[in-house]
Every structure is written in C-alpha cells, then in structure tokens.
Amino acid sequence: VFSDLVERARKATSCPLIVKLSPNVTDVTVFAKAAEDLGADAVSAVNTFLGMKIDLGTRRPHFKNRVAGYSGPAIKPMALRIVYEIYQKVSIPVIGLGGICSFEDALEFIFAGAHAVSIGTMSMVDPMVSVRCVEKLESYMKSEKVASLADIVGCAHRP
C-alpha cells in the first residue's frame with residue numbers, strides 16, 4: 001500500500017513530493033529508503049507516536065479509537081533519533097519534526113541530518129517561536145562563521 005501510494009503520487013505530479021513518515025513501524029528507515037527509491041524528493045520525519053490513556057472512572061480507554069496521536073516536547077528524543085537514522089540511509093533531504101520547541105531543539109535536528117525543520121505543537125502555544133528560531137539560527141551561523149546551513153546539516157555524523 002505504501003509503495004503504491006508513493007508511486008501513484010510521483011506519477012501524478014512533477015511537483016516536489018515529500019513523504020511524511022510514521023514512527024509507528026519497526027524500522028522507519030526502510031520506509032524512508034523506499035520513498036527515495038520510488039522518486040520522493042524528500043522525507044518528513046516524524047508524525048505523531050501512538051499513545052493511549054485509560055479513564056480511571058470508567059476503567060476503559062479514554063479515546064473512542066483506543067489510541068491517539070501523541071506529539072509535543074515529549075517525543076523530541078525519539079524523533080531526533082529517527083531523523084539521525086534516516087539521514088544515514090537516504091541521500092534525499094530530511095525534514096525534521098517532533099517536539100521542537102526552541103532554536104536549540106531545531107539545531108539538534110539539523111546536526112542530526114535535517115535539511116529543514118517544522119515546528120508544530122509549540123507554534124500553537126507560541127505563534128512567534130519559528131520567527132525567534134530563524135533569528136537565533138542566523139545569529140548562531142554568524143557567530144560560528146557558518147557560511148551555509150548545508151555546512152552543518154548532519155554534522156553529528158562526522159568524526
């Protein structure tokens with residue numbers, strides 16, 4: 001099903017195709033590599049993790065579907081690991097997301113291999129967080145004499 005969907009999307013458009021990957025699989029890097037092989041221009045990692053809550057009053061699952069997507073700051077370490085692993089397996093750009101709340105979080109994702117980042121949950125808490133992250137990234141690059149973002153993408157992989 002995954003390969004059919006990506007293949008059909010690639011045939012349907014010449015627009016950039018970014019495949020958003022779920023972390024709710026045994027090895028997300030397999031899907032990242034498959035997306036690349038099927039013609040994706042980039043992958044986005046990760047979507048929400050499946051979570052659950054039990055209602056103590058009813059002693060039953062809180063959510064109608066039993067599970068729901070879990071996002072926000074708590075998933076950052078897991079999302080960061082996945083971006084790091086995907087970067088090792090593909091040559092297409094990786095867009096990192098999952099629990100990014102600050103410039104420092106965004107920079108970790110870039111060091112892990114993200115060519116770009118997306119801030120979701122925290123943008124609802126603080127709509128200006130992305131603006132501050134960009135400003136701090138510009139300052140960081142000037143102070144560290146980084147000429148291009150490409151110079152630091154994936155630097156955590158270098159010896």
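Visitor: What is the strand order of the open sheet, and how do its strands pair?
Guide: In this predicted model, the open sheet has 4 strands in the order 1-2-7-8, and the pairing is parallel.

Visitor: Why do strand 1 and strand 8 count as edges?
Guide: Strand 1 (18–21) and strand 8 (116–118) each have a single partner strand, so one side of each lacks a neighbour in the sheet. Neighbouring strands of the sheet are turned by 25° against each other on average, ignoring direction.

Visitor: What makes strand 2 and strand 7 a pair?
Guide: Pairing takes at least two bridges. Strand 2 (residues 42–45) and strand 7 (residues 94–97) are joined by 3 bridges and run parallel, so they pair. Val 43 stands opposite Val 94 in strand 7.

Visitor: Which strands does helix 2 touch?
Guide: Helix 2 packs on the sheet and touches strand 1 and strand 2. The helix direction makes about 170° with that of strand 1.

Visitor: Why is Glu 36 called buried?
Guide: Glu 36 lies in helix 2 (residues 28–37). Buried means under 20% relative accessible area. Glu 36 has 14%, so Glu 36 is buried. Not counting residues up to four places away in sequence, Glu 36 touches Lys 89, Val 90, Ser 91 and Ile 92.

Visitor: And why does Lys 76 count as buried?
Guide: The cut-off is under 20%. Lys 76, in helix 3 (residues 76–89), has 14% relative accessibility, so Lys 76 counts as buried.

Visitor: What makes the link between the side chains of Lys 76 and Glu 108 a polar contact?
Guide: The N or O atoms must lie within 3.5 Å, with one able to donate a hydrogen and the other to accept it. The two side chains make their polar contact at 2.5 Å.

Conventions: Residues are numbered from 1 along each chain as its sequence is written. This is a predicted model: local features need pLDDT of at least 70, side-chain atom pairs count only at pLDDT 80 or more; totals for chains, interfaces and linings use all residues. Side-chain values use heavy atoms; hydrogens and water are left out. Helices (H or I, at least four residues) and strands (E, at least two) are DSSP runs, numbered from the N terminus. Buried means under 20% relative accessible area, exposed over 50%, partly exposed in between (1.4 Å probe, protein chains only). Contact means heavy atoms within 4.5 Å. Axes are lines fitted to C-alpha atoms, for helices over the stretch in contact, and angles run from 0 to 180 degrees between N-to-C directions.
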